[in-house]
Amino acid sequence: MAYDPNNIFAKILRGEVPSKKVHEDEHTLAFHDINPLTPSHILVIPKGPYVSFDDFSEKASDAEIAAFTRAIGKVARDHGLAGDGYRILANIGENAHQEVPHLHVHIFGGKRLGRMLPKE
Ligand code: AMP
């Protein structure tokens with residue numbers, strides 16, 4: 001899928017749409033999800049134009065990949081989630097119901113979470 005520069009996270013990155021930022025570095029931004037599903041629900045995104053994890057892992061620089069990975073762990077620690085535990089999740093593509101076509105990892109925490117996936 002080609003990257004759409006008008007997706008909502010691209011607008012957040014350009015400062016056209018506000019966000020509740022919790023972390024920013026040269027390559028990564030993290031902010032609260034607008035519709036939180038758990039007491040802590042934070043999204044971590046690379047600043048580069050990547051739609052999916054497969055896209056990111058193929059095209060991003062080592063510095064971008066390192067920054068993204070470190071930001072996820074730092075946000076979890078900074079929000080006190082490392083002790084009791086948390087979940088990271090990335091929806092990629094149609095089968096996973098990805099709504100925003102800019103790679104993002106959800107960090108869920110602050111309560112006991114259900115099992116990995118609901119049974120269908
Ligand atoms: P996904 O289904 O993994 O693509 O999830 C997209 C997520 O982005 C959802 O959890 C939305 O609540 C969240 N979201 C959409 N628009 C915004 C926004 N403007 N600020 C923060 N989170 C948003």
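View 1. The shell around the ligand holds 16 residues, of which Asp33, Asn91, Glu99, His104 and His106 come nearest. By residue class, this shell divides into seven nonpolar, seven polar and two charged residues.

View 2. At Ile34, a polar backbone atom lies 3.1 Å from a nitrogen atom of the ligand. Glu99, which is among the residues that come nearest to the ligand, likewise presents a polar backbone atom, in this case 2.7 Å from an oxygen atom of the ligand. At His106 it is the side chain that takes part, with an N or O atom placed 2.8 Å from an oxygen atom of the ligand. Taken on its own, the ligand has 510 Å² of accessible area, and the protein covers 86% of that area.

**View 3. The pocket and the secondary structure elements around the ligand.** The space that the ligand takes up is the largest pocket of the model. Helix H1, spanning residues 8-13, and strand S2, spanning residues 28-32, each supply at least two residues of the shell around the ligand. The contribution from H1 amounts to three residues, which is the largest share of that shell.

View 4. An unreviewed UniProt entry carries the annotation "domain: HIT", which covers residues 8-118. Within the predicted model, this span is 27% helix and 23% strand, and its end C-alpha atoms lie 28 Å apart.

Notes. Residues are numbered from 1 along each chain as its sequence is written. This is a predicted model: local features need pLDDT of at least 70, side-chain atom pairs count only at pLDDT 80 or more; totals for chains, interfaces and linings use all residues. Side-chain values use heavy atoms; hydrogens and water are left out. A residue is near a molecule or strand if one of its heavy atoms lies within 4 Å of it. A polar contact is a pair of N or O atoms within 3.5 Å; within protein, one must be able to donate a hydrogen and the other to accept it, and residues adjacent in sequence count only if both atoms are side-chain atoms. Accessible areas come from the Shrake-Rupley method with a 1.4 Å probe; for residues, only the protein chains shown count as cover. On a 1 Å grid over the protein atoms alone, a cavity is a set of points where a 1.4 Å probe fits but cannot get out, and a pocket is an open set with protein on both sides within 12 Å along at least five of seven lines; lining residues have an atom within 4 Å of a point. A molecule sits in a cavity or pocket if more than half of its atoms lie within 2 Å of its grid points. Helices (H or I, at least four residues) and strands (E, at least two) are DSSP runs, numbered from the N terminus. Ala, Val, Leu, Ile, Met, Phe, Trp, Tyr, Cys and Pro count as nonpolar, Asp, Glu, Lys and Arg as charged, and the others, Gly among them, as polar. UniProt positions are given in the numbering used here, feature names are shortened, and annotations may be inferred rather than shown by experiment.
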